[in-house]
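Morning, everyone. Please have the sequence and the model open side by side. I will go from one end of the chain to the whole fold.

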Amino acid sequence: QVQLVESGGGLVQAGGSLRLSCAASGRTFSRYVMAWFRQAPGKERDFVAAISRSPGTTYYADSVKGRFTISRDNAKNTVYLQMNSLKPEDTAVYYCGLDPDDTYAGPLSSRGSRYEYWGQGTQVTVSS
């Protein structure tokens, strides 16, 4: 019953910025851990970032630390990914995921298997 819709992707030059959004519906958004993953053609789906319910603890892949910022606005049922200093290797389809286990008290996870709901993805292309 959960729907996730990503938006904000597009074409940018290396060094530029994009802000991705993921709007959620169907469940109480504020109680769930949210994450971003990405997948390039012919590659595995890779973890990008995750954010906790509250007060908003974050966790990032080493490849994006210092460049990307994940945040959430519970009043809007939306999670964001601000991407700065983009590189050609950031080119991929970006997906948001939701972990429906609202009782989980462990650390933020980079495992895709924890996130059972996914959006359709939004394409990010970075030119050199």
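**Starting at Gln-1**

Gln-1 touches Ser-25 and Gly-26, leaving out residues up to four places away in sequence. Contact here means heavy atoms within 4.5 Å. Gln-1 sits in the segment before strand 1, residues 3-7. Strands are DSSP runs of E, at least two residues; helices are runs of H or I, at least four; both are numbered from the N terminus. Gln-1 counts as exposed, at 82% relative accessibility. The cut-offs: buried is under 20% relative accessible area, exposed is over 50%, partly exposed is in between, with a 1.4 Å probe and protein chains only.

A word on the source. This is a predicted model: local features need pLDDT of at least 70, side-chain atom pairs count only at pLDDT 80 or more, and totals for chains, interfaces and linings use all residues. Residues are numbered from 1 along each chain as its sequence is written, and side-chain values use heavy atoms, with hydrogens and water left out.

**The whole chain**

How many helices and strands does the protein chain have? It has 0 helices and 11 strands. From the N terminus on, the order is β-β-β-β-β-β-β-β-β-β-β. The radius of gyration is 14 Å, close to the 14 Å that the globule rule gives for 128 residues, so the chain is as compact as a globular protein of that length. That radius is taken over C-alpha atoms, and the rule is 2.2 Å times the number of residues to the power 0.38.

Along the principal axes, the C-alpha atoms fill a box of roughly 45 × 30 × 25 Å. Of the 128 residues, 43% count as buried. Now take the contacts with a separation of 6 or more: 60% of them come from residues 24 or more positions apart.

Surface next. The chain exposes about 6,600 Å², and carbon and sulfur atoms supply 45% of it. Those areas come from the Shrake-Rupley method with a 1.4 Å probe; for residues, only the protein chains shown count as cover.

Charges. There are 14 positive and 11 negative side chains, and the centres of the two sets lie 3 Å apart. Lys and Arg count as positive, Asp and Glu as negative; His and the chain ends are not counted. Each charge is placed at NZ of Lys, CZ of Arg, CG of Asp or CD of Glu.

**The disulfide**

The structure holds 1 disulfide, defined as a pair of cysteine sulfur atoms within 2.5 Å. Which residues form it? Cys-22 and Cys-96, with their sulfur atoms 1.9 Å apart. The pair links distant parts of the chain: Cys-22 is in strand 3, residues 18-25, and Cys-96 is in strand 9, residues 92-99, 74 residues apart. Are these two cysteines buried or exposed? Cys-22 is buried, and so is Cys-96. The link of Cys-22 and Cys-96 is right-handed, with 45 degrees about the S-S bond.

Leaving out residues up to four places away, Val-93 touches Phe-37, Arg-38, Gln-39, Gly-121, Thr-122 and Gln-123.

Gln-39 lies in strand 4, residues 33-39. At 31% relative accessibility, Gln-39 counts as partly exposed. Beyond its neighbours within four places, Gln-39 contacts Glu-44, Arg-45, Ala-92, Val-93 and Tyr-95. Compare Ser-17: 22 residues from Gln-39 along the chain, and 19 Å away by C-alpha atoms.

**Loops**

Where is Gly-15 found? In the loop between strand 2, residues 10-13, and strand 3. Gly-15 is exposed, with a relative accessible area of 52%. Apart from neighbours within four places, Gly-15 is in contact with Ser-85 and Leu-86.

Ser-85 itself is in the loop between strand 8 and strand 9. Its phi is near 50 degrees, a positive value in a residue other than glycine. Ser-85 is partly exposed, at 41%.

Asn-77 also has a phi near 50 degrees, positive in a non-glycine residue. Asn-77 is in the loop between strand 7, residues 68-73, and strand 8, residues 78-83. Its relative accessible area is 24%, partly exposed.
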